[in-house]
Amino acid sequence: LGIVANLGLADYLVLAIAREPEKSHTLIGDAFLVKIIVLPVALLGAWLQKMYDPEFGWLFFIMIIHGLFHSYLLLFWAVFRGLERMEFQTILMIIQAVIIAVGSTIIIWLTKNATWAAIAYLLASVSTVLAGYVLLLKRGIRPVYRWHPEAWITLLKTALPFGVIFVYLLIYVRLPAVLLPLLAPYADAR
């Protein structure tokens with residue numbers, strides 16, 4: 001969810017910001033706002049999952065919210081790549097990885113409960129998104145949020161082909177793992 005929810009915006013941001021960094025303020029704000037359309041779909045998916053499997057409903061709900069925050073984190077990474085400040089992307093990656101590794105390990109050790117461990121993932125993503133926003137502000141980039149649906153539609157139309165290509169690549173990479181067991185005898189598939 002965190003990767004697919006970007007709708008191709010991350011790849012487009014790298015390109016657009018590298019070409020015209022002076023327009024990054026409005027572009028970043030528009031990208032953040034466009035991604036809000038994913039929220040109802042994600043919440044509906046979480047609710048359906050909770051109805052289908054109530055035992056793990058909270059686990060999936062927390063992981064879906066983590067996925068949404070992670071998708072925003074991918075936008076920050078894209079912005080820093082577009083600005084040729086990959087060290088900021090690395091810092092954010094390290095923050096998230098450390099919080100997830102340490103937090104989930106401690107929580108699993110203490111509670112033996114995957115739902116509580118999912119909270120470490122959520123806290124890592126939220127913390128890292130906040131750190132990314134602070135890094136943007138320190139870099140002098142203040143996202144401009146505006147009510148401009150025409151610009152959002154244009155941005156989405158421009159970025160969506162990047163997203164479609166990425167989804168295709170995800171499917172393409174996993175195609176053998178799906179088709180081999182279906183088309184070959186079980187012994188050959190193993």
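**Stop 1: Glu84**

Select Glu84 to begin: at 64% relative accessibility it counts as exposed. Exposed means over 50% relative accessible area, buried means under 20%, and partly exposed is in between (1.4 Å probe, protein chains only). This is a predicted model, where local features need pLDDT of at least 70 and side-chain atom pairs count only at pLDDT 80 or more, while totals for chains, interfaces and linings use all residues. Residues are numbered from 1 along each chain as its sequence is written, and side-chain values use heavy atoms, with hydrogens and water left out.

Glu84 sits in the loop between H4 and H5. Helices here are DSSP runs of H or I with at least four residues, strands are runs of E with at least two, and numbering starts at the N terminus. Check the backbone of Glu84: phi is positive, near 60°, and the residue is not a glycine. Most residues other than glycine have a negative phi.

**Stop 2: the whole chain**

Zoom out. The chain has eight helices and zero strands. Read from the N terminus, the order is α-α-α-α-α-α-α-α. Along the principal axes, the C-alpha atoms fill a box of roughly 55 × 45 × 30 Å.

Now colour by burial. Of the 190 residues, 36% are buried. Switch to a surface: the chain exposes about 11,500 Å², and carbon and sulfur atoms supply 73% of that area. Accessible areas come from the Shrake-Rupley method with a 1.4 Å probe; for residues, only the protein chains shown count as cover.

Next, contacts, meaning heavy atoms within 4.5 Å. Take those between residues at least 6 apart in sequence: 75% join residues at least 24 apart.

**Stop 3: helix H2**

Select residues 24–34. Eight of the eleven residues in H2 are buried, and the helix is mostly covered. The buried set is Ser24, Leu27, Ile28, Gly29, Asp30, Ala31, Phe32 and Val34. What lies over them? The cover includes helix H1 (9–19), H4, H6 and helix H7 (149–183).

**Stop 4: Leu48**

Move on to helix H3 (residues 38–52), where Leu48 is found. Leu48 is partly exposed, at a relative accessible area of 45%. Draw a distance to Gly8, 40 residues away along the chain: the two C-alpha atoms are separated by 25 Å.

**Stop 5: helix H5**

Select residues 86–111. H5 has 26 residues and spans 37 Å from its first C-alpha to its last, close to the 38 Å expected. The expected span is 1.5 Å times one less than the number of residues.

Which H5 residues are buried? They are Phe88, Gln89, Leu92, Gln96, Ile100, Gly103 and Ser104. An α-helix has 3.6 residues a turn, so residues three or four places apart point the same way. The buried residues of H5 pack against helix H4 (57–82) and H6.

Pick Ser104. Its relative accessible area is 13%, so it is buried. Beyond its neighbours within four places in sequence, it contacts Ile99, Ala117, Ala120 and Tyr121.

Step off the end of H5 to Lys112. Lys112 is in the loop between H5 and H6. Its phi is positive, about 55°, although it is not a glycine. Buried or exposed? At 65% relative accessibility, Lys112 counts as exposed.

**Stop 6: helix H6**

Carry on into H6 (residues 114–138) and select Ser125. Ser125 has 0% relative accessibility, so it counts as buried. Its side chain makes a polar contact with the side chain of Gln96, at 3.3 Å. A polar contact is a pair of N or O atoms within 3.5 Å; within protein, one must be able to donate a hydrogen and the other to accept it, and residues adjacent in sequence count only if both atoms are side-chain atoms. Setting aside neighbours within four places in sequence, Ser125 is in contact with His66, Phe69, His70 and Gln96.

Thr128 is buried, with a relative accessible area of 0%. Beyond four places in sequence, it contacts Leu73, Leu92, Ile95 and Gln96. Finish with one distance: Thr128 to Ile91 is 9.3 Å, C-alpha to C-alpha, for residues 37 apart in sequence.
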